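This report covers a helix pair and a pocket in one structure. The sequence and model are shown first.

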Amino acid sequence: MSTLADSLRTVELDDVPVAIPTGRLVGASGLLLESAGCRLHTGQRCRIETVNGDWLDAQVVGFRERLSFLMPFKQAIGLTTGARVLPSPTAATLQIGPSWLGRMVNGLGEPIDGLGRLGGEHRLEMTPPKINPLKKQPVVEPLDVGVRAINSMLTIGKGQRVGLMAGSGVGKSVLLGLITRQTVADVVVVGLIGERSREVREFVDMSLGPEGLKKAVLVIAPADESPLMRIRATELCHAIAAHYRDQGLNVLLLVDSLTRYAMALREVALALGEPPATKGYPPSVFSALPQLVESAGNGEHEHGSMSAIYTVLAEGDDQQDPVVDTARAILDGHIVLTRELAERGHYPAIDVAASISRCMAQVVPVPHALAARKLKAALARHARVRDLIPLGAYVPGADPVTDHAVRLEPHIDAYLCQGTREAAPLPECISQLEAMMS
C-alpha cells in the first residue's frame, strides 16, 4: 500500500515543472513581433506582457536562427522591449455542443454577443480536420437553396463547394442572405471575414432573422481585426461546420469572403519576408487556399453533409483575378454575378451562361438536365442578335431557332429574376423550367 502511495507522489512531483520557460520581446515592426530566449514552434500560442500588466495573445508564425516571429491576435498596444513572452504548453481547443447554435463568436471562439460563456460535451480543434479523399462520401443529393436561377440552372448537391464570384456592389452579400434564409439545412455556419462591421448587424437582423439565427453559428472577424484573427476565424468556421457534419447533420457553410482570407494570408506572408508573385500574392497563399477548401465537403460518415458557398471578390470585375482564377479551379462550381445584369435591375444578377455547377449532372434527373440545357442554348442564340434588335437590323423569319429564342427571352428573364423575400422551392423551380422549355 505504501509503495502505491509513494509511486503516486512520484508521478505528481514529476508533473510539476521545475521552471517556466520564458522568452523576451526584442523587436516589433509593423505586424511582426520578435522573441528570443525561449524555444517556440510554429503555430504555438503564447502570451506577451504589456506595460500595464495585461497579457496579449499571439501566435508563432515563423523563426530565423534564434529569433521567433510572433503575430498578435488583437491590436498590439503597450508593448516594450524585454517584455516577457510565455508559451502555451498545450494546443488551443474548445468545447462545443448544441449551445453554440444561435451564437456569435470571434476567431478564437470567444462569444461576442454578450449572452454568456459557451461550452459543450465535445472537443473542438481550432483547425479543420483532414479527410482521406478515398473515404469522402460522394455528392448524390440536390441541395435546395431557395434561389430559382441556382436550383434550376446551377443545381448544387449536398457536399458541393461553390463560389459566388463578382465585383464589389453587385449583390454577393444580398444573395448570400437569400440563400441563408431559404436553404434547407439543419445547421448554417456563417463566416463573416474581413467585411464591414456595419454589415454584421444587418446580416443578423435582415438576412438571418430570429428563426434563421436559431440554427446558425456566426464566426465574425471584420476588416479592422488583425490578419491573423481573420485567418483563424475562417479556419474556425470550417472546423465548426465539420463537427456538426460528423454529428450526422446537414450543414451549410457560408464564407464571406474567400478573397479577404487570401488577403490576410498575403499580409502575414509579406510581413515574414516572402516575395510577392502574382498581384502581390506570395506563392504560399495559393497553396493554402486548396487546403482550406478541401476541408469542406462530405465526410467519411454516410449520414451528414457539409455544403460550402464562398463569395469571391473579382477586383475591378476581372474574372481573371488570381484569387478568382484559383477558386474557379479548386471549387466544384462557380456562380458569376455581373454588373451589367445588376444595372438592368435583374436580381439576382447571375450570368447563367458564364456559371457552372460541376455536380449538377449527378444530382438531377434527365428531364431537368435537358430543360436546363435548352434554356442555356436559347440564351446563347439570343445573345447573338441582342445588339441588332434595338437597331431594327434583326429580321425575323431567317432562322426559326433564333426566332424562338427571341420570343422566349422575356419569359426566361422573368423566370430567372427573384425578389429578396421570395421563396423558390426546388420542386417548383423544376416544374416551371420544364413547362417553359417543353
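## Helix pair H5 and H6

H5 and H6 are oblique to each other, because angles under 35 degrees count as roughly parallel, over 145 as roughly antiparallel, 65 to 115 as roughly perpendicular and the rest as oblique. The axes of H5 (residues 227-246) and H6 (residues 258-271) cross at roughly 135 degrees and come within 8 Å. Axes are lines fitted to C-alpha atoms, for helices over the stretch in contact, with angles from 0 to 180 degrees between N-to-C directions. Helices (H or I, at least four residues) and strands (E, at least two) are DSSP runs numbered from the N terminus.

On the H5 side, the contact (heavy atoms within 4.5 Å) is made by Pro 227, Arg 230, Ile 231, Thr 234 and Glu 235. H6 contributes Arg 260, Tyr 261, Ala 264, Leu 265, Glu 267 and Val 268.

## Basis of the model

The model is predicted: local features need pLDDT of at least 70, side-chain atom pairs count only at pLDDT 80 or more, and totals for chains, interfaces and linings use all residues. Residues are numbered from 1 along each chain as its sequence is written, and side-chain values use heavy atoms, with hydrogens and water left out.

## Largest pocket

H7 (283-294) gives the largest share of the lining of the largest pocket, six residues. Strand S4 (55-64), H5 and H6 are also among the elements that each supply at least two residues of this lining.
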